[in-house]
Amino acid sequence: MNPHAVQFQSDAGRLAADLTHRQRIQSAMAKYGAARGPRQALFRDWQEGRQTAAETKWAGLNQLDEHLVAFEKNATARGTQVHWTSTSEQARQVIVDILQRHRAQRIVKSKVMTSEEIHLNQLLESLGFQVVESDLGEYIQQLKGEPPYHFVFPCMHLSREEISDLFENHLGTAQTHDPEELTMIARRVLRQKYIEADVGITGANFLVAETGMVSITENEGNARLTAALPRVMITLVGIEKILPRLSDLALFLPMLATAGTGQPLTCYNTMYGGPRQPGEVDGPEEWHVVLLDNNRTTLLADPEQRDALHCIRCGACLNVCPIFKNVGGFSYGTTYQGPIGSVITPHLRGLQDWKHLSGASTLCGACTETCPVKIDLHHHLLHNRRNGVQQGGSRGEGLLWRAFAFLMNHPRLYGLAVRLGRLAQPLQNMIAGEALDPLQAWTKTRELPELAPQSFREFWKNHRPALPQDQRRSS
Amino acid sequence: MKITLFIPCFIDTLYPRVGISMVQILEKLGHVVTFPEALVCCGQPPFNSGYWPEARQVARPVLQGLADAEVVVIGSGSCGAMMKVFYTELFAGEPEEAAARALSAKCYEFSDFLVNQLGVTDLGAVFPHKVTIHDGCHGLREMNGKAPPRALLKQVRGLELVEMAEAETCCGFGGTFATKFPAISSAMGEVKCASAAATDADFVVSNDSSCLMHLQGLLSREGRPLKTIHLAEILASV
């Protein structure tokens, strides 16, 4: 097994059995569910909204080349500098070049999942830059030295007590379990960071091709401060975030808030149109938009799973996923957790290394049902499984399934296997759940059902319905 | 109507009462029931594991064996979804593509068939117990939804239906998932069992025996008094 799969099995197994963790995540997600329902009902027709959103994204992606060029043209017209990067290395280099050109030392970031994807913080810190995350959850995770647990709720796995301890250790503040006071502690620290920062780095929720604008959705105002106070602003964004028209936001902003956090709209939604224009009194002097491919075009080239690029990173699929709710965010070992992460990570980072995540699903379909942009998530997990086998399945498992097919296609042999199974079951019962038990994967935690003394087939052989015999058997 | 039953391997060997109940109910309604004994498995296990050529090997005899059937009724939402929804994808571009489409159009999950094809909800069943219902994911999201099993249970004499919290959340079985990721599977099952037990019901009912096998396995291990039962068994109770 590859090391990522080993790590997943081990972490997932440990957390699935951690009842405190389970309780915390399940109760947080129950609150999300309760908040989301009424907000969703405010849409005239949520299902119609999903369809429109999916079609809008589909149209945007089908002409991605044209829309991106239009975005660049319109953004450049207002003085924005647009950078095209194919790989993580290129994106990191572009950003480092900008920072070095401005002799920057202090950097403030608002929530940027793409920067997690390209491991930007580690690089910048190793080069001596001071980097601070300004999203409260991300800030807490940075202090803790951990990546985000959930790409929308970065520290949802922590209790107030744990956050208070963390602040006490790192900031020397007094213990408090009041969420408002904890927020105020972070706020006092972060306000100074915005003022001192040379460069602000943000992500983006949408790129509007028609106007060359970037749309950022947030709840804390930290993205606005990150964009407004430093002299230079850098926006790192995946190319799939394109929307053709400004008016598309009329649907996507409430949809993202509803699906993401159960809000009608988030507290702040800002459209950025360029750096400070002549005659304007505020805003960054320079604005760089770094467009990141990083294998998104590989996914675009797959007609079966291309719709995974519709994703607006609302996190709804994680919130309803029974796997996520039991194994938590870190087990995945990916930037993007949950069903969407399991679907796209094999495309972004290699199928053979990450196909185990597509296997770790019951294919229940709760993700697909909830996805606001109608990504066929659970079917794509099946597609990844098929692709994984086609491009390098396990020899042993292949043999097993061929034997299975042979057995199922030979009813007499199948009948014999059932009779043998009945003889073997009492023996198996003696070692059930123990290391010697070949069915231990099941019996360690669950009782095995007993083979019935008479199978349905055996019943059928003697079955005489009230109706004439000649009408009965057609096979 | 001539109705062909598809009885998957686990109902055949572990839960024959489910199949027998289906036969009793359909014959009581005056239909002719046939059962092609050579068809054992729909091919879902290799299909879900990514071994599609092997899945086609299992599914081909099913396509052939059911080609002449008027309607096919399946007592499991999961196998039903395989035949109704996934065969067309499995055989896309294969010589059997048309046969897969033809089969898809005449496959029905048992409760859906009773309610939406036969137009029956009252089968004269008596089951004086408190029950809670688990929606099997495939039946719920790939097939017919929540309504048919509830419409049928509503007419059962003496039965009290109590909905559990998160009836639509997966039980954690997931076929080979249950043994490939046993810790996650068991945790999901424990959450489900706790929801079901919180209703104080005597039985968890579902239209999918595979979910019930998983839940019963956990309930028995935990020593909970709650029992599982397939919808068809309740509907055949008099």
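Strand S2 of chain A, residues 106-109, pairs with S3(A) in the parallel sense, over four bridges. Across this pairing, Arg106(A) stands opposite Gln130(A) in S3(A). The model is a predicted one.

- S2 and S3 belong to an open sheet of six strands in chain A, in the order S1-S10-S7-S4-S2-S3, and the pairing is parallel.
- Strand S1 (81-85) and strand S3 (130-133) of chain A are the edge strands, and each of them pairs on one side only.
- From one strand to the next, the twist averages 20°.

**Chain A as a whole**

- Chain A holds 24 helices and ten strands.
- Its C-alpha trace spans about 95 × 50 × 45 Å along the principal axes.
- Chain A has 475 residues, and buried residues make up 44% of them.
- Take the contacts in chain A with a separation of 6 or more: residues 24 or more positions apart account for 72% of them.

**Domains**

- Chain A is divided into domain 1, covering 43-294, and domain 2, covering 411-464.
- The centres of domain 1 and domain 2 of chain A, taken over C-alpha atoms, are separated by 56 Å.
- Chain B is also divided: domain 1 runs over 2-117 and domain 2 over 130-235.
- In chain B, 22 Å separate the centres of domain 1 and domain 2, again taken over C-alpha atoms.
- The contact between these chain B domains takes 28 residues from domain 1 and 22 residues from domain 2.
- On the side of domain 1 of chain B that touches domain 2 of chain B, five elements each supply at least two residues: helix H1 (9-13), helix H2 (16-28), helix H3 (44-48), helix H5 (77-90) and helix H7 (110-117) of chain B.
- By class, that side of domain 1 of chain B has 13 nonpolar, eleven polar and four charged residues.

**Two loop residues with positive phi**

- Leu363(A) is not a glycine, yet it has a positive phi of about 60°.
- Leu363(A) sits in the loop between helix H17 (351-359) and helix H18 (366-370) of chain A.
- Leu363(A) counts as buried because it has 24 C-beta neighbours inside 10 Å, and the cut-off for buried is 20 or more.
- Asp200(B) is not a glycine either, and its phi is positive at about 70°.
- Asp200(B) is found in the loop between helix H11 (182-197) and strand S7 (203-206) of chain B.
- Asp200(B) has 10 other C-beta atoms within 10 Å, so it is exposed; the cut-off for exposed is 12 or fewer.

**The nonpolar core**

- The largest nonpolar core has 195 residues, and of these Leu207(A) and Ile184(B) touch the most other members.
- Setting aside residues up to four places away in sequence, Leu207(A) touches Phe71(A), Val214(A), Val237(A), Lys241(A), Ile242(A) and Leu243(A).

Definitions and conventions:
Residues numbered from 1 in each chain as written. Chains lettered and ligands numbered in written order. Predicted model: local features only at pLDDT ≥ 70, side-chain atom pairs only at ≥ 80, totals over all residues. Pairing = 2+ DSSP bridges. Axes fitted to C-alpha atoms, helices over the stretch in contact; angles between N-to-C directions. Domains from an automatic or database assignment. Contact = placed C-beta atoms within 7 Å. Nonpolar A, V, L, I, M, F, W, Y, C, P; charged D, E, K, R; others polar. Core = buried A, V, L, I, M, F, W, Y, C linked by C-beta atoms within 7 Å.
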